[in-house]
Amino acid sequence: MRLETAEIANGVRCTEVCDSKLRGCLLSLHFALRRDENTAPVHALLTDLLTGSSADYPAPGALSAQLDSLYAADFPGSLHLCGDAADLYFSASWLDDAYAMNGESVTEEMLSLVLGCLLRPHAANGAFDAERFRICRQNLLDDIDAAVNDKRAFALRRATEIAFAGEPAAIPPQGNRPAAEAVTAADCFRIWQEVLCTAPVDLIAVLPAEKPLLRERLTAAFSGIPRAPQSVSFSAPSPLRQTVQTVTEEMDMTQSRLILTYQYDRAGRDVMTLLCRMLSGTGDSLLFANVREQLGLCYDCTASFSAAKQVLMIECGVRPGTEQAAEAAIRAQITALQTGDYPPGLPGACKLYEEFSAAAALDSAGGIAKAVSASHRAGIPYDPAAWLGRLRAVTDEQLRAAANRLRLSAVYRLCGTEEGGQDAE
Amino acid sequence: MNILTDPVTGDRCMTVTHKSGLTVCIAEQPDFHTASALLGVRFGSVHRQFTADGRSVSLPAGTAHFLEHKLYDSADGDAVTKFTRLGASDNAYTAFDRTVYYFSAQQRFAEALALLLDFVQRPYFTAESLEKERPIIAQEIHEYSLDSPEDRIFFLLLEGLFHRHPVRCDVAGTLRSIQDITPELLYQCHRAFYHPSNLVLCCAGNLTAEEVLEIADRTVQILPPVQTVTEPVREPETVFRQEVRERMTVSKPQFAVGFKSPPVTGEALLRQTLLGELVLDYIAGPSSPCCQRMLSEGLINDTFSVSAFTGESWFVLMAEGESDAPEAVRDALTAEIARVRREGIDGERFAALKRAAYGDAILSANSPAAAAEAMTDAMLRRLSSPYAVTALLPALTAAEAEALTAERLRPDRVCLAVIDPC
């Protein structure tokens with residue numbers, strides 16, 4: 001694997017990774033954005049507006065048809081919230097030219113398609129195409145309303161709103177409905193033009209072999225934009241809460257969801273990665289071994305952390321009426337981490353698991369691109385060997401110290417109202 | 001030993017029938033950092049009635065899934081913990097026609113493979129451990145079957161399409177059916193279905209065939225043959241109900257439209273499934289005029305999708321999504337099918353969709369885990385090769401697609417399932 005990074009235009013970093021075992025190419029284009037109530041729905045709309053049509057493919061379905069004919073090439077847009085900022089990214093993937101049935105250059109066609117979508121969108125007179133905008137906004141409004149459908153995602157969203165109240169991180173990825181209803185096609189076009197000029201841009205290409213054409217095309221495209229990048233920080237720790245926010249809500253569902261949010265400070269990403277893994281994700285993990293297997297309180301109980309916000313969240317689904325017992329059991333696992341009352345081999349097993357995870361990331365184009373962009377968002381160059389070295393060096397004392405700096409800041413309970421009498425066959 | 005080669009990518013794997021009867025399929029991929037192993041069993045949620053060694057057995061819904069959960073137990077601790085200590089990432093799933101246990105590892109692959117083969121062959125079921133497992137599985141049923149509209153709409157459609165086929169029951173069973181599962185029943189199923197001749201082991205990645213076969217020799221038991229006969233499913237060709245509805249907390253109606261048609265087996269199933277997927281994409285995929293028209297009219301939104309759901313004893317082509325007017329979506333789909341039946345399939349669009357399927361097939365197996373999964377699927381289905389898709393695709397014709405449209409998308413074999421908001 002060969003990795004090379006260069007700045008190809010003002011505030012535009014391009015990282016190329018070549019690995020001959022890959023059969024496909026992947027180009028992800030990341031735009032770092034500040035966000036607020038009004039811009040959040042615009043950012044969400046851009047993921048759809050810029051990937052469904054373009055000036056080159058204005059007719060409904062034409063872009064999809066072209067992607068079909070390019071051997072199931074793909075070009076979705078997504079938003080990843082990190083800290084108080086957003087990473088708006090577009091991920092183009094396509095079959096390497098070596099496998100094209102008629103010897104055509106899929107790479108050349110895809111670069112034209114991608115750059116056409118981003119730089120020559122389906123727009124006129126300073127606004128995105130009205131019909132396309134109408135459909136995309138309706139999709140967005142439906143998506144906002146559909147938050148209630150996925151109970152687990154709904155609970156996580158409410159817990160996030162409560163834990164980060166008053167901070168941009170509390171705004172849901174799609175924004176809120178009133179702001180989304182107020183957005184116009186002209187707003188979206190204007191903000192996209194601003195993004196192109198001001199957002200720090202991180203381009204990551206993962207390829208089976210060097211493709212000079214890719215660097216040439218990207219450099220030409222971004223050099224043609226009058227760039228004046230503004231800095232965007234993905235790190236935005238929440239102010240320490242003095243009291244625990246406890247919110248209980250009800251929904252017509254058969255299971256209850258429980259989410260505990262802990263704040264922390266002065267713990268590195270390496271220490272928190274291991275601490276989190278000691279809680280969930282392996283057979284020895286405390287939440288799995290004790291809350292699920294020992295006490296039988298839930299099927300799923302997982303921990304995750306955000307270094308950008310310096311919080312650790314634990315979530316699980318439990319039988320209505322057992323929320324208190326589950327909360328007590330989860331808190332007991334945190335206490336176990338703080339006192340060192342866990343199997344002695346647990347940290348070592350978690351280190352071994354993280355070594356596997358780092359290796360597995362190198363076995364797919366998507367895994368490589370994801371790992372590179374995560375490193376860049378954290379402000380460090382992608383270096384798996386250095387990362388593993390830091391993980392191996394973490395001591396039990398560091399883990400206990402970090403666990404002792406966890407402070408419960410919010411508890412969210414979404415209580416089911418029925419036990420569910422399902423018995424049909 | 002048989003060496004199989006992908007005609008397009010040049011990928012190779014070897015298949016061996018082990019002396020125990022176990023089918024072994026291995027792809028050496030030295031350029032990768034990890035290796036994956038999957039052990040698949042031809043025992044899933046639809047296998048509810050069988051005769052083993054002359055004894056007839058009926059199973060409560062969810063038995064295969066329950067067995068999968070409990071197989072990780074042993075007298076000296078659970079296998080999940082042992083995998084963790086080897087730095088391996090393990091899991092398992094139960095589907096309608098199979099149960100698959102798998103792991104991926106970087107450093108101690110050989111030890112993890114020995115563990116996989118060992119725990120799957122050594123059941124250890126106790127009444128106490130089953131009692132502990134019931135509430136855990138009950139929560140899984142709540143989370144994925146009862147509170148998830150996405151899962152619920154799928155099973156609601158199957159309940160509407162099928163009269164009595166066990167495919168209409170949730171893989172995990174019901175809160176009631178899991179109460180009837182006993183250690184004796186699980187032992188009985190293990191004896192009947194977990195004989196090595198009913199298992200396939202597929203390994204891919206940074207490994208050698210020699211080490212895999214050596215571990216298989218060391219750990220796979222040679223057992224006397226077992227005569228297990230699964231009762232054939234007697235399912236009418238008609239749909240059970242043309243429309244089924246229920247209510248949940250959802251933002252707008254969730255729907256699924258399914259077309260039921262007679263099942264096929266073996267290579268024919270693969271060919272018909274591929275064709276079915278192509279026809280669905282042609283009729284209502286993202287690049288189709290029908291899909292774009294429904295989007296423009298606000299009948300559907302971007303949750304709309306089409307898929308083929310097929311197995312050895314069922315064949316369903318379906319569309320699902322959200323809509324304020326599910327009946328109008330069903331009508332639009334049936335009208336488009338009628339038009340395609342009248343006017344035929346456009347060769348150029350069909351060729352573009354075939355190119356997309358070709359690209360998908362090549363890209364989708366480009367990692368040890370994905371390659372091992374593709375090999376497992378092919379071996380469990382008793383296909384001649386895991387590379388059958390890339391070999392088959394060029395031979396599929398528009399005329400065959402037209403025939404499938406006429407035979408498998410019949411207007412009298414359609415069911416509409418809807419979950420309305422409370």
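**View 1. A:Ala186 counts as partly exposed, with 14 C-beta neighbours inside 10 Å.** In this scheme a residue is buried if 20 or more other C-beta atoms lie within 10 Å of its own, exposed if 12 or fewer, and partly exposed in between, with C-beta atoms placed from the backbone. The model shown here is predicted: local features need pLDDT of at least 70 and side-chain atom pairs count only at pLDDT 80 or more, while totals for chains, interfaces and linings use all residues. Residues are numbered from 1 along each chain as its sequence is written, and chains are lettered from A and ligands numbered from 1 in the order in which they are written. A:Ala186 belongs to helix α7 of chain A; helices (H or I, at least four residues) and strands (E, at least two) are DSSP runs, numbered from the N terminus. Setting aside neighbours within four places in sequence, A:Ala186 is in contact with A:Gly126 and A:Ala127, where contact asks for C-beta atoms, placed from the backbone, within 7 Å. Between A:Ala186 and A:Ala123 the C-alpha distance is 9.3 Å, although 63 residues separate them in sequence.

**View 2. Helix α7 of chain A spans residues 185–198.** Its 14 residues reach 20 Å from first C-alpha to last, close to the 20 Å expected at 1.5 Å a residue; that expectation is 1.5 Å times one less than the number of residues. Which residues of α7(A) are buried? They are A:Ala185, A:Cys188, A:Phe189 and A:Trp192. These four cover an arc of only 95° around the axis, so they sit on the same side of α7(A); the arc is that of the directions from the helix axis to the C-beta atoms. The buried residues of α7(A) pack against α1 (39–52), β6 (123–124), β7 (127–128) and α4 (130–145) of chain A.

View 3. Domain bounds come from an automatic or database domain assignment.

**View 4. In chain B, the assignment gives domain 1 (2–230) and domain 2 (243–421).** Their centres, taken over C-alpha atoms, are separated by 27 Å. Domain 1 of chain B brings 41 residues to the contact and domain 2 of chain B brings 34. Elements that each supply at least two residues to the domain 1 side are β3 (23–28), β4 (35–41), β8 (99–105), α5 (149–161) and β9 (199–205) of chain B. With nine residues, α5(B) gives the most. This side of domain 1 of chain B holds 24 nonpolar, ten polar and seven charged residues.

**View 5. Helix α5(B) is mostly covered, with ten of its 13 residues buried.** Among the buried residues are B:Arg152, B:Phe154 and B:Glu159. What covers the buried residues of α5(B) includes α4, β11 (243–248), β12 (254–260), β14 (314–322) and β15 (414–421) of chain B. From first C-alpha to last, α5(B) reaches 18 Å, close to the 18 Å expected at 1.5 Å a residue.

**View 6. Strand β9(B) is mostly covered, with seven of its seven residues buried.** B:Leu199, B:Leu201, B:Cys203 and B:Gly205 point one way from β9(B), and B:Val200, B:Cys202 and B:Ala204 point the other way. Strands pair if DSSP finds at least two bridges between them. β3(B) and β9(B) pair in the parallel sense over six bridges, and B:Val24 stands opposite B:Leu201. β4(B) runs antiparallel to β9(B), joined by seven bridges, and B:Ala37 stands opposite B:Cys203.

Definitions and conventions. Contact = placed C-beta atoms within 7 Å. Nonpolar A, V, L, I, M, F, W, Y, C, P; charged D, E, K, R; others polar.
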